[in-house]
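Visitor: I have a model open and would like to learn how to read it. Where do we start?

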Amino acid sequence: DGMGVISTKTKLDYESQKHYTLIISLSDGGTTDYATVFIKVIDVNDNSPEFGTTSTTVNVLENAPPGVSVTSVSATDVDEGFNGLVVYSLKGGEGKMDIDTSGLIFLEKELDREKQDSYNLAVIASDQGQPARSTALNVTVIIDDVNDNPPVFPSSRYEVSVPEDEGLGMALLTLSAADLDAGDNALVKYRVVSQQPPTAAPVFHVNPTTGQLSLSQQLDYETIKQFEVEVEAYDGGQPSLSSKTLVVVHVLDVNDNPPEFSQAAYDVFVFENLQKGSPVYTFSVADKDEVSTKLDGTILAAGSVDRETKDKYELLLVASDNGAPRRQNFTHVSIQVLDVNDNPPQFTKAQYSASVHVATAKEGQFVLSVFATDLDAGDNAVISYSLMDHSDDFHINTSTGEIALSNNLGHIRADTVVTLTVVAADHGIPQLTSNGKSFNDVNDNPPVFSTWIQTKLSAPENATALDLGTFSAADLDIGVNALISYSLQDDFAGTFHIDSSTGKLVTIKSLDRETMDSYELKIIATDSGKPPQSASLVLSLTVEDVNDNPPVFPQKSYSVTVRENEPPHVILSAVATDEDIGYNAIIHYTITGETTSFHVGELSGNITTLEPLDYESRSQYTFTLRAFNPGEPNLQDTASITGSSALHRKFTVEDVNEEGPMFDKPSY
């Protein structure tokens, strides 16, 4: 202006023009002078640092080591000096990432996608002006999955019970394994890796996608009663990770086998002097099924046996089990009656007569024949003839019964009547004669038990007055020498008794398998001769189990603590015991009361949670575990008889610090 003051007409911008050159003139009206003015624009911090974009997204593998670069950012500031000097800082990242002075974002700590799969970062670019100016850049870091987690089954062991007649393809149970990874790394498939015991063809198949375990071969309880199947779950990662679980398959018996005789037909031999009620033969019938009872049957003589009336019997035996449906089998028994010398020879005539001319009689001349028959068989029916009194004039052929002259009869007067008594004797033991008498006996034969007597017996426990059969012996002597009495070497404190006359063996006291499961009984048969002779027969008696003992838990109550939020798993294994055996000792488990959160293995007794527990919802559970067996009688409902045990279990849920503190009002 006229005063020589230079002023700005518009706002200066250092970033547009940093200096100006002015030519000014000074004039007094006549003379003019000129001067050059140099004006330098001084920078002011009026610009913030700038990124090329407002946000960016980057990916990093979860297994990247600390120190690795995540991404690099860059901001510029058009100001000069400290006003344009940019420094970087990082917000977010939870201590996992940091940034250096060049704008390089790097890992500070290891990552775990399964815990956090992304991070939202804010990169702050600030200049050094006074006051400082800054700009933020949003950076999203996506954590890419690495296959570092195998599939995991909720339990390392499963148990399932399957009837042996279950159809092929039927689902037994569905296995499920979880994988914390993502994508293909979490794509779980299943396969059977082993089966014990092994079979020619695999018995079980698992669906590779659904994990459903099913039958591929028919089960047979009588061949294999239990399988252990190892199933593997593997993911789709490279390399693939896997884990295994064990499935125990209990094969349940079904009555699919009939009782079996050891032979399709039996040939049995008995002597005809068998007494009424005496045992003829005892059969032990096997049944491959478990549900059936061991079958023993003894054929008894219902009446007197007489070979001369009937020498052979044909029987059809039927054996039935106790299963449902009931199954039967058959066998043929041929009983051949052996002869005993109980019939004396009988002459066809009571008296024989003949005439001989004394004058012409010559030595060796045939006089007459006598003939006797014997209803017995074999040597018992072979007859020899003899004269009761010796005769000088007559002799008899011992085999044919022909009577002939021993010499001429010159010394006998005509019309003389000669009476001869012929004795017909068989070859049996004892030897019988035509007058029905036997020769004087000597006690030279001991009693003999038949080799056909069944010596392996069985009897149920808890029953009294059991008839175990009649065990009689025979003695080839006669009279007193054949009179047999029976005794037991050991009656086990009066548990057993044998009739001394008949040999009938019975129980006096009830048997208890849990105290003694078998006996060896020695029967002694002694005749009444002088001196007496004896024989012995050893019987093996097996006591059959009856379901008379309930399952028993080792203790009456348990207290278990379970942490909340844990996945379903086995929290307690309760095992009861049963003093019975076989089918009567099979124990089943069930729970009553709380059934929505807990499950018990029907045969294992393993108690598992069905879902994660929540302490804040419910901190304590109480329910009852019952053990029972399916034997007959079923002990489940008859506590007063069976003493079945109910086990009370108290479960406490342990708190996990998953809830932060909360005000009771949103504002005050």
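**Reading the fold and its rings**

Guide: Start with contacts along the chain. Residues 24 or more positions apart account for 68% of the contacts with a separation of 6 or more in the protein chain. Keep in mind that this is a predicted model.

Visitor: What does the secondary structure of the protein chain come to?

Guide: Count helices and strands. Here there are 1 helix and 46 strands. Next, check the spread. The radius of gyration is 56 Å, well over the 26 Å that the globule rule gives for 668 residues, so the protein chain is more spread out than a compact globule.

Visitor: What box do the C-alpha atoms fill?

Guide: Along the principal axes, the box is roughly 230 × 55 × 40 Å.

Visitor: How much of the protein chain is buried?

Guide: Buried residues make up 38% of the 668 residues.

Visitor: Now the rings. How many aromatic pairs does the structure hold?

Guide: There are 13 aromatic pairs. Read each pair by distance and angle. Take Phe347 and Tyr385: their centres are 6.3 Å apart, with 40° between the planes, and the pair is tilted. This pair links distant parts of the chain. Phe347 is in strand E24 (residues 346–347), Tyr385 is in strand E27 (residues 383–387), and the two are 38 residues apart.

Visitor: Why does Phe347 count as partly exposed, and why does Tyr385 count as buried?

Guide: Apply the cut-off: buried means under 20% relative accessible area. Phe347 counts as partly exposed because its relative accessibility is 23%. Tyr385 counts as buried because its value is 3%.

Visitor: What kind of aromatic pair do Phe496 and Tyr519 form?

Guide: An edge-to-face one, 5.1 Å centre to centre, with 75° between the planes. Phe496 lies in strand E36 (residues 496–498) and Tyr519 in strand E38 (residues 518–527), 23 residues apart. Phe496 is buried, because its relative accessibility is 2%. Tyr519 is buried too, with a relative accessible area of 11%.

Visitor: Which residues form one aromatic cluster?

Guide: Tyr266, Phe269, Tyr281 and Trp452.

Visitor: Which charged ends sit over rings?

Guide: Look for a Lys or Arg end above a ring. The charged end of Arg191 sits over the ring of Tyr234, 3.9 Å from its centre. The charged end of Lys225 sits over the ring of Tyr221, 4.8 Å from its centre.

Terms used
Residues are numbered from 1 along each chain as its sequence is written. This is a predicted model: local features need pLDDT of at least 70, side-chain atom pairs count only at pLDDT 80 or more; totals for chains, interfaces and linings use all residues. Side-chain values use heavy atoms; hydrogens and water are left out. Rings of Phe, Tyr and Trp (its six-membered ring) pair if their centres lie within 6.5 Å; planes under 30 degrees apart count as stacked, over 60 as edge-to-face and the rest as tilted. Helices (H or I, at least four residues) and strands (E, at least two) are DSSP runs, numbered from the N terminus. Buried means under 20% relative accessible area, exposed over 50%, partly exposed in between (1.4 Å probe, protein chains only). A charge sits over a ring if NZ of Lys or CZ of Arg is within 6 Å of the ring centre and within 35 degrees of the ring normal. The radius of gyration is taken over C-alpha atoms; the globule rule is 2.2 Å times the number of residues to the power 0.38. Contact means heavy atoms within 4.5 Å.
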